[in-house]
Amino acid sequence: MPSNAVGVDIGTRTIAVAEVKSARGGEVVTNFGGVELPQDAVREGEILDVPAVSSALRELLSSAKVGSKRVWLGVANQRVVVRQVDLPWLEEKELRQSLQYQVQEYIPIPVEDAELDVHIVDEFTSDEGERMQRLLLVAAHRDMVSAHVEAATQAGLKPIGVDLNPFSVLRAMGDDRQFDQGSQVLIDVGAGVTNIIVHAHGVPSFVRILVLGGDDMTRALGAGLSLPPEEAEAAKRQAVVGADSDTAGRIVTEQADAFIDEVRSSLDYYQAQTGSTQLSGVVLTGGGAALPGLTDRLADTLRLPVEIGNPFDRYKAKNTVYGDDDLARVGPSLATAIGLALGGLE
Ligand SMILES: Nc1ncnc2c1ncn2[C@@H]1O[C@H](COP(=O)(O)OP(=O)(O)OP(=O)(O)O)[C@@H](O)[C@H]1O
Ligand SMILES: [Mg+2]
């Protein structure tokens with residue numbers, strides 16, 4: 001098992017990096033940082049401009065002083081799907097080896113063009129008495145994954161693995177101290193992508209990737225108030241979801257409600273699935289979670305407790321110049337990168 005690992009989260013808006021180390025009292029975050037990407041280098045989580053991403057990444061690596069070139073990369077966009085699949089039980093090694101021959105009917109991507117991965121959710125006996133297993137099957141378009149690998153390689157890194165962002169969010173944020181029964185919902189609200197993952201005691205049971213995020217609200221504000229992007233971004237951070245006394249408030253409320261509707265229908269879909277359990281609470285991460293009033297609106301609609309999560313509550317930051325307030329501010333946007341790095345320690 002490696003004693004340290006680096007996660008690189010190439011998002012729609014920002015690249016975030018985190019380095020973690022196993023220490024006696026648990027894992028610690030030894031390094032982290034972020035850099036903003038130029039417009040349209042990444043859209044809805046897909047890299048469009050590899051050179052632009054790799055040069056931003058180079059800049060970030062030198063400023064964040066990351067010690068290792070061996071990195072884990074994350075993906076989440078429309079070119080990767082996650083499906084719940086029930087298959088006859090096999091040893092995990094055999095299952096992985098035979099996956100490509102068993103799953104074509106469940107995924108919309110030809111298996112020869114796909115990178116496959118699998119998470120075991122549960123084991124059960126079918127009505128016919130056969131031993132079965134319930135899986136979360138991940139299938140990603142190989143060329144989409146290659147663009148991520150290429151961007152990292154051109155920045156001088158050696159990618160050693162790729163994982164799906166919602167699984168990283170689960171590693172960084174999944175918490176069962178706060179609930180005994182039912183499942184917890186983790187939602188990472190990014191600029192162009194929102195990742196939803198439902199889990200109980202760290203075992204995922206549902207994943208949904210929505211190509212929606214904070215930048216949709218910025219665009220709506222820009223259009224509604226005739227503001228250029230930077231001013232629309234500033235206006236968004238001042239606006240409050242649920243406040244209808246000003247135009248900006250009305251626009252963000254309308255946008256937030258459309259967003260919450262999508263989240264709600266994903267969770268309704270989960271709850272209609274076999275094997276689903278009651279939901280007990282929601283933790284939000286990602287930069288978009290900071291939108292003032294979003295947590296309350298979501299809590300009212302879903303009728304669940306909703307809070308903003310900070311990975312630094314569990315994984316301490318070492319040797320940092322940041323105080324607790326700064327860590328609480330940047331922590332939610334680092335959940336994916338920290339979780340990716342934690343995966344590298346496993
Ligand atoms: N204080 C704030 N109030 C409202 N929104 C904010 C605030 N801070 C950041 N955001 C929004 O968070 C979003 C960026 O979040 P994040 O850095 O998690 O995205 P990303 O990882 O680059 O993209 P993605 O995960 O969608 O691919 C932007 O839409 C930004 O406007
Ligand atoms: Mg992100």
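A backbone N or O atom of Gly288 lies 3.0 Å from an oxygen atom of ligand 1. The model is predicted; local features need pLDDT of at least 70, side-chain atom pairs count only at pLDDT 80 or more, and totals for chains, interfaces and linings use all residues. Residues are numbered from 1 along each chain as its sequence is written, chains are lettered from A and ligands numbered from 1 in the order in which they are written, and side-chain values use heavy atoms, with hydrogens and water left out.

| Residue | Atom of the residue | Atom of ligand 1 | Distance |
|---|---|---|---|
| Ala191 | polar backbone atom | oxygen | 2.8 Å |
| Gly288 | backbone N or O atom | oxygen | 3.0 Å |
| Arg237 | polar side-chain atom | nitrogen | 3.5 Å |

Taken alone, ligand 1 exposes 660 Å², and the protein buries 87% of that. These areas come from the Shrake-Rupley method with a 1.4 Å probe.

Helices (H or I, at least four residues) and strands (E, at least two) are DSSP runs, numbered from the N terminus. With three residues, α6 gives the most to this shell. In total, 19 residues surround ligand 1, each with a heavy atom within 4 Å of it. Among the closest are Thr12, Asp215 and Lys236. The shell divides into five nonpolar, nine polar and five charged residues. Here Ala, Val, Leu, Ile, Met, Phe, Trp, Tyr, Cys and Pro count as nonpolar, Asp, Glu, Lys and Arg as charged, and the others, Gly among them, as polar.

Thr12 is in the loop between β1 (4-10) and β2 (14-23). Thr12 counts as buried because its relative accessibility is 17%; buried means under 20% relative accessible area, exposed over 50%, and partly exposed in between (1.4 Å probe, protein chains only). The side chain of Thr12 reaches the backbone nitrogen of Gly45 at 3.0 Å.

The whole structure holds four aromatic pairs. Rings of Phe, Tyr and Trp (its six-membered ring) pair if their centres lie within 6.5 Å; planes under 30 degrees apart count as stacked, over 60 as edge-to-face and the rest as tilted. The rings of Phe32 and Phe312 have centres 5.2 Å apart and planes at 50 degrees, so this pair is tilted. Phe32 is in strand β3 (residues 26-36) and Phe312 in the loop between β15 (306-308) and β16 (316-317), 280 residues apart. Both Phe32 and Phe312 are buried. Ring pairs link Phe32, Phe312 and Tyr322 into a cluster.

Notes. A polar contact is a pair of N or O atoms within 3.5 Å; within protein, one must be able to donate a hydrogen and the other to accept it, and residues adjacent in sequence count only if both atoms are side-chain atoms.
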